[in-house]
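This report looks at how side chains gather inside a protein chain and how some of its aromatic rings pair up. Please keep the sequence and the structure in view while reading.

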Amino acid sequence: MGQLFICDHPLIQHKLTYIRDENTTTKDFRALVDEVATLMVYEITRDIPLEQVDVKTPVTTAKSNVISGRMLGLIPILRAGLGMVDGVLKLIPAAKVGHVGLYRDEETLQPVEYYVKLPKDVLERDLLVIDPMLATGGSANAAIEVLKKRGCSRIKLMCLIAAPEGVKAVQEAHPDVDIYVAALDSHLNEHGYIVPGLGDAGDRLYGTD
């Protein structure tokens, strides 16, 4: 079963409070989401393997560590996932970025794939699927399935806020995928919004209704 990791660093939790606040402006909301993404990826990449190299300092030659071989791919779910990508790239500028676009069919209420563009070497990369909200889990499961159908296997999921219902749905559908969140909230309301949540992340990122 994939594990749930809550990134509870004090700086993340502090900034998350202002992300939740309905009075936070679009400009500040966008900046805060960017900052939290940077802090979260610091935690998420803690297990990246290292290898030793020789480096010449101004004093002598020393053995020091660099990240070993494995490369990262970022897969934001359009459109809200885009708001977290730049924050991750600040720490890992060499990561490549793919995109998965999904919309919800009004009759079946199921996510439908409308756009997929992945790095050519996606199969060689550890992939981080990015979406601010993990509510029902429908979009996350669909995006992960998109990647698996194309042969990808090393996948993690990164979200700001999750509902228990969404976590359960992803763990049941994709037990090999670890989930990283800044907060696990109480529940989903009758409209499918996370409670207490932060509202619609896409609308708050881009100033739309």
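## The largest nonpolar core

The largest nonpolar core has 36 residues, and those with the most contacts inside it are Ile19, Met40, Met158 and Leu160. A nonpolar core here is a set of buried Ala, Val, Leu, Ile, Met, Phe, Trp, Tyr and Cys residues joined through side-chain atoms within 4.5 Å, where buried means under 20% relative accessible area, exposed over 50% and partly exposed in between (1.4 Å probe, protein chains only). Helix 2 (26-44) is among the elements that give two or more residues to this core, and the largest share, 8 residues, comes from helix 2.

The model is predicted, so local features need pLDDT of at least 70 and side-chain atom pairs count only at pLDDT 80 or more, while totals for chains, interfaces and linings use all residues. Residues are numbered from 1 along each chain as its sequence is written, and side-chain values use heavy atoms, with hydrogens and water left out.

## Aromatic pairs

The structure holds 2 aromatic pairs, a pair being rings of Phe, Tyr and Trp (its six-membered ring) with centres within 6.5 Å, called stacked if the planes are under 30 degrees apart, edge-to-face if over 60 and tilted for the rest. The rings of phenylalanine 5 and tyrosine 180 have centres 4.8 Å apart and planes at 15°, so this pair is stacked. Phenylalanine 5 is partly exposed at 29% relative accessible area, whereas tyrosine 180 is buried at 7%.

The rings of tyrosine 103 and tyrosine 114 have centres 6.3 Å apart and planes at 40°, so this pair is tilted.

Definitions and conventions: Helix = DSSP H or I, 4+ residues; strand = E, 2+ residues; numbered from the N terminus.
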